[in-house]
Amino acid sequence: MNHRETTPVDEPADVHVGHIKTYAAGVPAVAVALRRGIEQMGTVRTARTLAKLNQRNGFDCPGCAWPETPGHRKHAEFCENGAKAVAEEATRRVVTPEFFAAHPLDDLRTRSGYWLSQQGRLTHPMYLAPGDTHYRPVSWDEANHIIADELRAMDHPDQAVFYTSGRTSNEAAFVYQLFARSLGTNNMPDCSNMCHESSGTALTEAIGIGKGSVSVPDLETADLIIVAGQNPGTNHPRMLSTLEKAKRGGAHIVAINPLPEAGLMRFKDPQRPSGVVGDGVRLADDFLQIRIGGDMALFRGICRMLLDDENESPGTVFDHDFLRDRCAGVQSYLDLLGAVDIDEILAATGLDHATIRDLATRVARSQRVVLCWAMGLTQQRHGVATIAEGVNMLLLRGMIGKPGAGVCPVRGHSNVQGDRTMGIYEKMPETFLAALDAEFGIASPRAHGHDTVAAIDAMVRGEVRVFMAMGGNFVAAAPDTRVTEQALGRCRLTVQVSTKLNESHLATGTAALILPSLGRTDKDIVDGVAQQVSVEDSMSVVHLSRGSLTPSSPLLHSEVGIVCDLATATFGTDHPVDWTAMARDYDVIRDHISRVIPGFTDFNTRVRAKDGFVLPHPPRDSREFATGTGRANLAAHPLRWVPVPEGRLILQTLRSHDQYNTTVYGHDDRYRGIKGNRRVIMVHPDDIAAHGLTAGDHVDIVSEFAGPDGPEERRVTDFEVVAYDTPRGNAAGYYPETNPLVPLHLVAEESNTPVSKAVVIRLERTANAPD
């Protein structure tokens, strides 16, 4: 497979470094959102579309999964990046068969992901036949028969892999997993594998359910909110309004992150006068600039100090009733705390004793504590242990199943949590599979399938014949980009269900299909009847989403329709599942879901309530824990952290502000003051000097790691060095540009999540770099 070894031909070359922003949102955010909308949609379409975004009779944002405040939706219930996501999807630009006729695959491979996405919405099913140089249009019937023929030609069902992005609706996800299991495989990797799998693994072990336990009102009434490894100003901007309300209610907010992030410093709500002409609201009372990989050590150090305080004043710190009645593993964990070396904690975190002591005191004295986190914690080698340690801290204080307190993993994509609830998981429990079989008369496979890393491994070994992706941009999201591209190239057929062109359409199997789908903003009309889909937000609220725009092409099909039509082409009309009935009426799908998945009883009625409904969460609802012990489990993991090897740096990959997941909206990172190009590496000024470099130098970034047969390296070329406020020994770069540096087998223990936040690198001057 061809890969972009250097800067794509359409990328700008100059980097401009300006002032780092000290606040998020405000008037500039409104101006940018409106400008992007008008550029893509025009003035009238922008106004009509944004008026429907996140409203009860409108459509759910295709961006993040942050929920609305129950009963208190604003007229403008969206953020800058949500508006950008809508503008990208609702654009009037189109990619027609004429575009593909004019651009051979080799030409498209020289283009950046940004350029590809800016071409517009896909309008026709497109096919790349074996040996072809261009995609060509095909009918839907032809496309379905191409896929069905390949599936029927497999030696066994596990030669197929079905990937899912987080934007897929509940209904589409349910029929997609039903199709895969009807075929006979559990090979269902999804974007959770690469992002929040560590959260689900840790929380399931600790409290019996892999979801957060808090609601928006809990956050608004908390007196201490800890935000660790998360940048809400860019990744979940609507969260800032919730934090602002908590702040006005007296909450103390602590930000823990290797980089200072504007959104946690100060928030200017453009819907308040103070956000327009005033200074806004300072959110973070304390900023703990922790070293990459030091979060587990911080939580353990806090817990050790809580133990010391409890020993000095018995009965004043720990919630002994909760620990006695509801928890397991307490004494083993307390014994481990007694052996903690505070000097090691300081070395691992890079923080001083007084800072950690102050936070421990706040945790001890606060009555309602919420811990929020995102991929800064999950994408560590010890990500599961880190999250478990944070949960230990809350359990010692009885902060699970208590109003205003709990765990808050902030999911990064609109329905990624709902997809998992619907069965998009390679290891669904027997209770789910048995209920699915009873409902449909099929025999689901019981052997565990492939997650993302395992799926790429299987493709590398030539064990996958068909790869199908329901949305997303697998190549740009996955680690070890060159290996991932080569893996896809070993498949007989790759199928991408997409709204817009992206890099994954260029990393093809022997043959490839692009199937254009409706987006969240589009009307979905079946037999003259408008259909509605549902999504689950980050706090387990399920609600409807209704597109309102005329699709950009009459040939766009819904994701539900694409799956059901493919199933009919594959299995025929005598299959026990009535695929046609589900494709014609999504209420039929929801009725099936109500009988298969706990918590969805009377789904069709409850989802039509004003704000939808909340799924059950036993730890939150009744302090019941469906773990092996029947209790909340305190974990006693060995302490892990990330030392910096001599002459090396530890790299974390991250998003720019003008980006959502793998979709790049532009080349500027306004909040960090970096403009013009994304091929940069942010390094502390002292580290730049120590490595014999100066700001502005061009370098190759080389990652170093232990491979199965000895030391290995990965390299990306021609990145500009930018002086930035990072901890000494730490560096940062944007993904997906730095994804090639993350080796496939560098994964988190237990969750198998790629370790994108702790990559050992060295910097080498780029040969023939510009002056």
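Q: A helix here is a DSSP run of H or I with at least four residues, and helices are numbered from the N terminus; which of them each supply at least two residues of the lining of the largest pocket?
A: In this predicted model, the helices α9 (197–207), α22 (416–421) and α23 (430–440) each give at least two residues to that lining. The largest share, five residues, comes from α9.

Q: What else describes the largest pocket, in volume and in the residues closest to its centre?
A: The largest pocket holds about 1100 Å³ of space. It is lined by 36 residues, of which I209, G210, K211, R420 and P429 are the closest to its centre. Sorted by class, the lining has 14 nonpolar, 13 polar and nine charged residues.

Q: Why is strand β18 (residues 511–516) described as largely enclosed by the rest of the structure?
A: A residue is buried when its relative accessible area is under 20%, and six of the six residues of β18 are buried, so the strand is largely enclosed by the rest of the structure. In a regular strand the side chains alternate between the two faces of the sheet. Both faces of β18 are covered, with A511, L513 and L515 buried on one side and A512, I514 and P516 buried on the other.

Q: How do you know that β18 pairs with strand β5 (residues 126–128) and with strand β17 (residues 493–498)?
A: Two strands pair if DSSP finds at least two bridges between them. β5 and β18 have three bridges and run in the antiparallel sense, while β17 and β18 are joined by six bridges and run parallel.

Q: What makes L513 stand out in the largest nonpolar core?
A: That core has 64 residues, and L513 is, with F162 and W579, one of the residues that touch the most other members. Helix α8 (residues 170–183) gives the most to this core, with nine residues. Apart from it lies another core, of 56 residues, among them A228, V254, F322 and C327. When neighbours within four places in sequence are left aside, the contacts of L513 include M126, Y127, V138, A143, I146 and I147, as well as L493, T494, V495 and Q496.

Q: Why is T653 called buried?
A: The cut-off for buried is a relative accessible area under 20%, and T653 has 1%, so T653 counts as buried. T653 is found in strand β25 (residues 649–654). Not counting residues up to four places away in sequence, T653 touches G733, Y735, T738, V742, S756 and K757.

Q: How many cavities of 30 Å³ or more does a search of the whole structure find, and what lines the second largest cavity?
A: The search finds seven such cavities. About 290 Å³ of space lies in the second largest cavity, which is lined by 28 residues, with G229, Q230, N235, G376 and K757 nearest its centre. The elements that give two or more residues to this lining are α20 (375–378) and β25, and the largest share, three residues, comes from β25. By class, the lining has 10 nonpolar, 13 polar and five charged residues.

Q: What makes β30 (residues 698–707) and β31 (residues 710–723) a pair, and what lies between them?
A: At least two bridges are needed for a pair; β30 and β31 have nine, in the antiparallel sense. The two strands form a hairpin with two residues between them, and E704 stands opposite E713 in β31. β30 is also joined by five bridges to strand β33 (residues 759–765), which runs antiparallel to it, and S703 stands opposite I761 in β33.

Methods
Residues are numbered from 1 along each chain as its sequence is written. This is a predicted model: local features need pLDDT of at least 70, side-chain atom pairs count only at pLDDT 80 or more; totals for chains, interfaces and linings use all residues. Side-chain values use heavy atoms; hydrogens and water are left out. Buried means under 20% relative accessible area, exposed over 50%, partly exposed in between (1.4 Å probe, protein chains only). On a 1 Å grid over the protein atoms alone, a cavity is a set of points where a 1.4 Å probe fits but cannot get out, and a pocket is an open set with protein on both sides within 12 Å along at least five of seven lines; lining residues have an atom within 4 Å of a point. Grid points are joined across faces, edges and corners, and a volume is the space filled by probe spheres set on the points. Ala, Val, Leu, Ile, Met, Phe, Trp, Tyr, Cys and Pro count as nonpolar, Asp, Glu, Lys and Arg as charged, and the others, Gly among them, as polar. A nonpolar core is a set of buried Ala, Val, Leu, Ile, Met, Phe, Trp, Tyr and Cys residues joined through side-chain atoms within 4.5 Å. Contact means heavy atoms within 4.5 Å.
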